[in-house]
Number of protein chains: 2
Amino acid sequence: MARVYNFSAGPAALPEEVLLQAQSEMLDWHGSGMSVMEMSHRGKEFMSIAAEAEADLRELMGVPSNYKVLFLQGGASSQFAMIPMNLIGRTGKADYFRTGSWSKKAISEAKRFGEVKVTVNSEVEGKFTSVPAAGGFELSADAAYVHYTPNETIEGVEFGYIPDTGDIPLVADLSSTILSRPLDVSRFGLIYAGAQKNIGPAGLTLVIVRDDLIGTPLDGTPTMFNYATHAENESMYNTPPTYGWYLAGLVFKWLKGKGGLAGMAEINQRKATLLYDAIDNSAFYANPVDKACRSWMNVPFTLADAALDESFLKGASAAGLKTLKGHRSVGGMRASIYNPMPEAGVKALVDYMAEFERTHG
Amino acid sequence: MARVYNFSAGPAALPEEVLLQAQSEMLDWHGSGMSVMEMSHRGKEFMSIAAEAEADLRELMGVPSNYKVLFLQGGASSQFAMIPMNLIGRTGKADYFRTGSWSKKAISEAKRFGEVKVTVNSEVEGKFTSVPAAGGFELSADAAYVHYTPNETIEGVEFGYIPDTGDIPLVADLSSTILSRPLDVSRFGLIYAGAQKNIGPAGLTLVIVRDDLIGTPLDGTPTMFNYATHAENESMYNTPPTYGWYLAGLVFKWLKGKGGLAGMAEINQRKATLLYDAIDNSAFYANPVDKACRSWMNVPFTLADAALDESFLKGASAAGLKTLKGHRSVGGMRASIYNPMPEAGVKALVDYMAEFERTHG
């Protein structure tokens with residue numbers, strides 16, 4: 001077996017240590033005689049797995065006690081509706097930052113449930129390559145909340161700061177950047193993330209929500225789309241995605257072994273610096289994003305000649321560097337270098353890029 | 001490692017062969033160098049896994065070509081809302097059969113989206129132990145659909161027939177009985193099932209829906225709750241629960257190896273007969289359900305003296321017979337004997353029951 005370096009934007013690579021542990025426990029978790037995926041979610045074995053995963057996440061992120069941590073299904077796309085359905089009722093209005101493909105989707109869905117004001121729009125000539133400077137925007141006084149996307153997975157654009165929204169709850173789609181570095185959770189009203197990038201397998205969605213924002217859904221909100229349903233039942237109103245929850249717990253333990261989010265941040269910064277430097281120090285490769293707004297997690301880049309794209313991808317694949325093709329809306333390449341991507345993987349990519357430039361540049 | 005016989009109602013036991021295959025492929029699926037859970041859902045590897053699973057399911061169940069098969073998230077509890085949100089619009093009314101705990105939940109949620117008429121109510125003195133005879137009910141001429149629960153997981157009550165609803169689309173929650181025997185899909189407008197009993201791990205929900213019922217959701221239906229969203233995107237509007245989809249595919253292959261649903265039905269009937277005979281041939285054990293309405297999948301039973309319940313469970317656990325405690329609303333014991341439960345497991349349970357009766361009766 002030869003493991004590859006997988007640069008997929010999501011579902012994405014998982015730590016090999018986590019996969020090895022899951023493999024060893026597949027038929028018998030801790031002498032229980034069953035797989036975690038065969039366990040009743042209400043049995044003491046799974047309850048302990050679930051509780052430990054939540055405790056580890058709370059420790060890693062420093063989640064304050066007045067926030068609920070919910071382990072849900074449906075992905076960020078479901079949150080695009082759940083957020084306005086649960087939060088917009090107070091005033092019927094919300095502010096959204098439009099900084100890339102995913103925030104556009106969030107805006108589109110939110111409009112179905114209330115009045116959405118696009119307070120920030122960083123699109124220039126059809127492209128998203130920056131975010132506004134801190135304070136470079138004006139909020140609506142009557143917004144029930146402000147929504148933004150700290151890291152745009154497709155464009156590779158990231159906020160280097162947390163917007164100050166005063167008393168207005170700040171809501172963030174952290175799908176592609178959660179757990180990549182320390183974060184002050186108390187600055188947010190609600191954080192959400194699909195698991196399939198930095199947390200675990202697809203099918204698990206994490207929501208961290210301040211208590212006071214739970215319990216006032218719009219009329220017609222399905223029971224399963226009401227945060228109160230899940231908060232009151234510790235994410236076990238119905239059967240949760242148990243195996244994903246378990247794997248997330250293994251990832252949290254792995255992160256603790258890496259020195260937590262501060263330790264992970266150092267590694268991630270080194271990985272991103274290595275890759276961006278390789279791009280910037282070459283006339284053959286280019287990244288279009290403002291340097292202050294470059295993502296640590298998703299690095300899109302183009303070749304000097306797009307006619308070489310197929311050749312680049314073919315050679316990369318042969319070298320064990322997979323899933324580097326850029327999103328169709330941006331073109332070129334995209335290397336997603338989430339937590340599980342080892343520094344050796346980024347090094348191998350940079351080496352391949354140099355060799356490709358030497359032979360094709 | 002000693003595997004146990006796990007009688008959990010769900011999440012439930014999976015075929016050992018399936019777990020072994022998943023284990024062997026955990027770090028490297030078919031030479032791809034990655035786990036299935038690390039694959040982009042839009043890559044050719046996962047697309048082939050997804051397509052093969054659907055094709056196998058269509059073959060196993062004989063799904064007609066004018067039905068879509070959707071691989072969703074959210075469990076049956078999400079379907080309780082999605083069904084009225086997508087189907088009730090035509091007349092604003094629907095008929096529901098009330099035959100146990102899960103149909104009660106479906107009714108409660110549907111009432112939030114339209115006028116629900118309980119056409120059948122089999123509750124007698126707080127208990128559900130039967131279903132009406134075929135034809136023993138009158139439907140509303142203006143019902144947009146009729147909903148029923150062919151197998152009530154908690155009470156162990158099952159319909160021995162498919163209700164004839166004429167031109168009114170029939171909707172069925174098959175969570176705990178799907179794939180247990182052949183079924184004429186063309187008799188239904190929509191079938192749904194949480195995966196965690198007979199299909200695969202929790203977090204995957206299967207919906208099989210006739211084309212003409214897709215595309216007329218109520219106003220305010222979230223995009224993710226609109227069947228059209230998923231039908232038009234082959235269940236890849238957003239990231240699907242890829243690992244559950246893969247495991248379901250392995251289960252479908254396993255079922256084909258068992259002679260398909262006809263082969264499985266023979267095995268399941270033998271298992272159910274063995275257990276019900278053991279109960280009926282004893283004055284120590286009892287099952288309250290009308291014989292014509294007994295579930296093949298979920299077998300609740302009581303001991304002559306409830307004071308012995310703890311002792312029974314303790315001894316069972318020591319004998320490797322797990323998760324036999326009945327649902328709190330029914331009490332006593334419940335043995336869920338889904339497809340993956342081997343006949344040897346039911347034989348072991350029956351032997352233990354006889355021995356316990358001999359020593360405690």
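Within chain A of this predicted model, residues 24 or more positions apart account for 68% of the contacts with a separation of 6 or more. Chain A contains nine helices and 16 strands. Its radius of gyration is 21 Å, close to the 21 Å given by the globule rule for 361 residues, so chain A is as compact as a globular protein of that length.

**Overall form of chain A**
- The C-alpha trace of chain A spans about 60 × 55 × 30 Å along its principal axes.
- Of the 361 residues of chain A, 54% count as buried.

**Two domains in chain A**
- Chain A is divided into domain 1, covering 17–257, and domain 2, covering 259–360.
- The C-alpha centres of these two domains of chain A lie 27 Å apart.
- Their contact takes 25 residues from domain 1 of chain A and 24 residues from domain 2 of chain A.
- On the side of domain 1 of chain A that touches domain 2, at least two residues each come from helix 2 (44–61), strand 9 (157–158) and helix 6 (242–257).
- The residues on this side of domain 1 of chain A comprise eight nonpolar, 11 polar and six charged.

**Contact between chain A and chain B**
- In this interface, 53 residues of chain A are in contact with 53 residues of chain B.
- Helix 1 (16–24), helix 3 (75–87) and helix 6 of chain A each supply at least two residues of the side that touches chain B.
- Helix 3 of chain A gives the most to that side, with four residues.
- The side of chain A that touches chain B is made up of 24 nonpolar, 25 polar and four charged residues.

Key. Residues numbered from 1 in each chain as written. Chains lettered and ligands numbered in written order. Predicted model: local features only at pLDDT ≥ 70, side-chain atom pairs only at ≥ 80, totals over all residues. Domains from an automatic or database assignment. Contact = placed C-beta atoms within 7 Å. Nonpolar A, V, L, I, M, F, W, Y, C, P; charged D, E, K, R; others polar. Rg over C-alpha atoms; globule rule 2.2 N^0.38 Å. Buried ≥ 20, exposed ≤ 12 C-beta atoms within 10 Å, placed from the backbone.
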